[in-house]
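Please look over the sequence and the model first.

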Amino acid sequence: MRISAPAKGAIPMHDRPVDQRVHDFSEVDGGMTPGEATIEAERCLQCKKPLCVKGCPVTIEIPAFLREVAAGNFPKAAAIIKEQNMLPAICGRVCPQEVQCEEQCILGLKERPVAIGELERFVADTERAQGMVAPKKQVHNGRRVAVVGAGPAGLTASAELARMGYHVTLFESLHAAGGVLMYGIPAFRLPKEIVKAEIDAVLALGVDLKLNHLVGRSVTVAELLDFDAVFLGTGAGLPYFMGLPGENLPGVYSANEFLTRVNLMHADQFPVFDTPVKRGSRVVVVGGGNVAMDAARVARRLGGKVTLVYRRREEDLPARQAETLRAKEEGVDFVMCANPVRILGDRGITGVECVRMEMCAPDQSGRPEPAPIEGSHFTIDADVFIAAIGQGPNPLLISEIPQLKRGKRGNVTVDSEFRTSMPKVFAGGDVATGAATVILAMGAAKSAAKAMDRMMREG
Ligand SMILES: Cc1cc2nc3c(=O)[nH]c(=O)nc-3n(C[C@H](O)[C@H](O)[C@H](O)COP(=O)(O)OP(=O)(O)OC[C@H]3O[C@@H](n4cnc5c(N)ncnc54)[C@H](O)[C@@H]3O)c2cc1C
């Protein structure tokens, strides 16, 4: 099924039929065929000053890889992408290309921009299917670097530094690498075997991955500071709650916990795996970003009737448009301009009391500020409540290092070279910016790796 009517010259998307996909966790978007990819890549105008490259936080040579796709030379296209991005099958799937490279594509002025994201994904998937070329290991230069956190930031910093010849030790607290790619984004958007394959390619560069190592606890800060340089990529895994009456009732989850239980602990396969999650028959999800859409779509697949409550208007939803559309297709009910005020119930949840919101004068973000309408309360029946209203930096390690300067929201403060307030300690990704995107975390990590290299070479 197409997610939207294709514009002139457009390649249709291949989403699986709704009645099939809503019952399983297999990937929704089937991707392009080689014929479609070639035709689509031929649309690129090969601009002399390509704006699409400027729109890409990791500066992939987009026209160069598209030229190779158009010529049917897929391995060369993969090699060009991988010079700048070691996680292309992941980025091709989850990057918000519509507000980055594709937004800059000059073709977009008259018709649809080139489907750069779909093509990146096609190239990476084709390379993986044909057997990835093992990357060359560099000769060690004798310097040791520690990277904390194996999410997109930590993986990218590790890959860049290993390619420069550093011995990289990558510490990850969980039993699997990947960060949000593994425990947050559901498999129907990002299959886990694809994440594993791209992580394996990073490890093949000689990166020494230490799983189940919680830095700040099982690895001390003193041990960490013994390395020649340190990169912190510990993410934003601390979920926010609304402070509502009833938030302590069983059946209330943060989206983070709910998705982790399903993705990483296989709660969807209970009792085969023994980490259950409550399969709500009526689920209320609060929030309007990608995390909220993911939680709602997972709850649908676990069999619930799902209502997504968002305090602003539909046009203000921060989630990617395609994912919002898919959530709707899959039967998630959207209640816009409403906010929960209380979770009802005694031993378990029976409902969620909400209030209607009206849009007032624009706030600092430029969007109309929502305000509750007096006397407009209403109740949604529910037995599960999922809060997806944002998350902040994980304080576990950074609170162990008092010298590390932090911003108002607990994020690690960095300068333009991603240096923290501590000598030889750098940071990037969500721990520095607050919850953002995969590609921004990767871009920060690449720049930090360059700065770390400069610092170590200059002594
Ligand atoms: C459900 C969900 C859906 C999303 N969808 C999208 C999307 O579609 N597109 C997009 O671009 N972005 C999306 N994002 C945002 C994106 O995933 C993040 O911006 C990105 O993962 C940040 O990367 P990171 O490496 O900074 O942190 P993370 O991915 O959070 O990785 C941090 C890692 O550090 C580890 N860690 C933390 N503390 C320690 C410690 N003390 N010792 C050792 N290890 C530690 C954690 O276990 C984790 O593995 C989504 C986020 C969520 C939660």
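How far apart do the C-alpha centres of domain 1 and domain 2 lie? In this predicted model, the two centres are 26 Å apart. The domain assignment of the chain gives three domains, with these bounds.

| Domain | Residues |
|---|---|
| Domain 1 | 18-129 |
| Domain 2 | 144-237 + 392-457 |
| Domain 3 | 241-389 |

Between domain 1 and domain 2 there is contact: 24 residues of domain 1 meet 25 residues of domain 2.

The nonpolar cores come next. In the largest of them there are 76 residues, and Ile62, Phe65, Val69, Leu119 and Phe231 have the most contacts inside it. Helix H18, covering residues 438-457, gives the most to this core, namely 12 residues. Because domain 1 and domain 2 both give residues to the core, it lies between them.

Phenylalanine 231 belongs to this core. Leaving aside residues up to four places away in sequence, Phe231 touches Ala146, Val147, Val148, Ala153, Gly154 and Ala157, and also Phe426, Ala427, Gly428, Ala445, Ala448 and Met452.

Leucine 51 counts as partly exposed because its relative accessibility is 35%.

Terms used
Residues numbered from 1 in each chain as written. Predicted model: local features only at pLDDT ≥ 70, side-chain atom pairs only at ≥ 80, totals over all residues. Heavy atoms only, no water. Core = buried A, V, L, I, M, F, W, Y, C linked by side-chain atoms within 4.5 Å. Buried < 20%, exposed > 50% of the residue type's maximum accessible area, 1.4 Å probe, protein only. Helix = DSSP H or I, 4+ residues; strand = E, 2+ residues; numbered from the N terminus. Domains from an automatic or database assignment. Contact = heavy atoms within 4.5 Å.
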